[in-house]
Amino acid sequence: MSNTVEFAKMNGLGNKILVVDMRGRKDKVTPEAAIALNADPSTQFDQIMAIHDPKADGTDAWIDIVNCDGTRAQACGNGTRCVVQALAAETGKKTFTFQTVAGILNAVEHADGTISVDMGKPVFAWDRIPLAEEFYDTSRIELQIGPIDNPVLHSPSAMSMGNPHAVFWVDQDVMSYDLHRFGPLLENHPMFPEKANITLAQVTSPSSLTTRTWERGAGLTLACGSAACSAGVSAARTGRTGRNVTITVASSPNRGTLAIEWRERDDHVIMTGPAEWEWSGMLDPSTGTWTRETEAGAQAQ
């Protein structure tokens, strides 16, 4: 077995993604390789989307998702769009079905280049998110940061999109909050036994939100697709918006948008947005050493 595999440096609305082709292999991208790749500014990433041979009939691939700290993730909507773009360019197909630890994901690439991913049904039950304490209504749980009489953040909406999320509603610009300081405290709060993605969300109209996210296992991220889904669903669930919203990701380099539909007929969440290829190369999935392809051939880094 060759020590190297093909990979692509991509992004989904700024969410830094490495798509790694592990088809035909039995090994996985190791935590050590992920940490080494993230330590290099050229390959720094939020998630690795490792494409493996399918495990279930009727699926196109098994996707193993790795965070930049080497831990495994359950879902990554922005990364899934990158996988779709990469496989569509390779195969000419437009529709795909993927299996992840969070379940089955269906996706389609549209004529305009945007990609829709069916992220499945949201989960609201406190013990399935999971939370450490029982809450009958998880659309508003008791949790705050700051002084008791004047908290900076409080009463988030909690849910799971295959991974745990807490959405804090704010009235000011989401970029004005020190999420770099609050994020680690909230991600690792005892309320979240499996940690959580932490999102600040500001309602800007009955059909639009602005968000910013501290991502579990990745830190302050430029974008997070499952967090955008959670914000859109939580906004509708709490009566702040309808079931179709446009989300502006404030930390995205181009302040790009995602369209989120919480589909009424089956409660599935459909996320639509762009993906962008940056460059390709070869890497060793056990160590993280890599080379970048150039017009003149592969150049060692």
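Residues are termed buried when their relative accessible area is under 20%, exposed when it is over 50%, and partly exposed in between, as computed with a 1.4 Å probe on protein chains only. The structure is a predicted model, in which local features need a pLDDT of at least 70 and side-chain atom pairs count only at pLDDT 80 or more, while totals for chains, interfaces and linings use all residues. Residues are numbered from 1 along each chain as its sequence is written, and side-chain values use heavy atoms, with hydrogens and water left out.

The pLDDT, the predictor's confidence in each residue on a scale from 0 to 100, averages 93 over the protein chain, and 97% of the residues score at least 70. Over residues 295-301 the pLDDT stays under 50, and for this stretch the model has ten contacts beyond four places in sequence, a contact being heavy atoms within 4.5 Å.

With a disulfide taken as a pair of cysteine sulfur atoms within 2.5 Å, a search of the whole structure finds zero disulfides. The sulfur of cysteine 76 has its closest cysteine sulfur in cysteine 224, at 6.7 Å, which is too far for a bond. Cysteine 229 is likewise in no disulfide, the nearest cysteine sulfur, that of cysteine 224, being 8.7 Å away. Cysteine 76 is buried, at a relative accessible area of 3%, and cysteine 229 also counts as buried, at 0% relative accessibility.

Threonine 43 is located in the loop between helix H1 (31-39) and strand S3 (47-52), where helices (H or I, at least four residues) and strands (E, at least two) are DSSP runs numbered from the N terminus. Threonine 43 is buried, with a relative accessible area of 0%, and, when residues up to four places away in sequence are not counted, touches Phe7, Lys9, Leu18, Leu37, Asn38, Trp279 and Trp290.

The largest pocket has a volume of about 220 Å³, the volume being the space filled by probe spheres set on grid points joined across faces, edges and corners. Its lining comprises 15 residues, of which Glu6, Ala8, Asp21, Ala86 and Glu90 lie nearest the centre of the pocket. The second largest pocket has a volume of about 150 Å³, and the residues lining it include Asn11, Lys16, Leu222 and Glu278.

Terms used:
1 Å grid on protein atoms, 1.4 Å probe; cavity = no way out; pocket = protein on both sides within 12 Å on 5 of 7 lines; lining within 4 Å.
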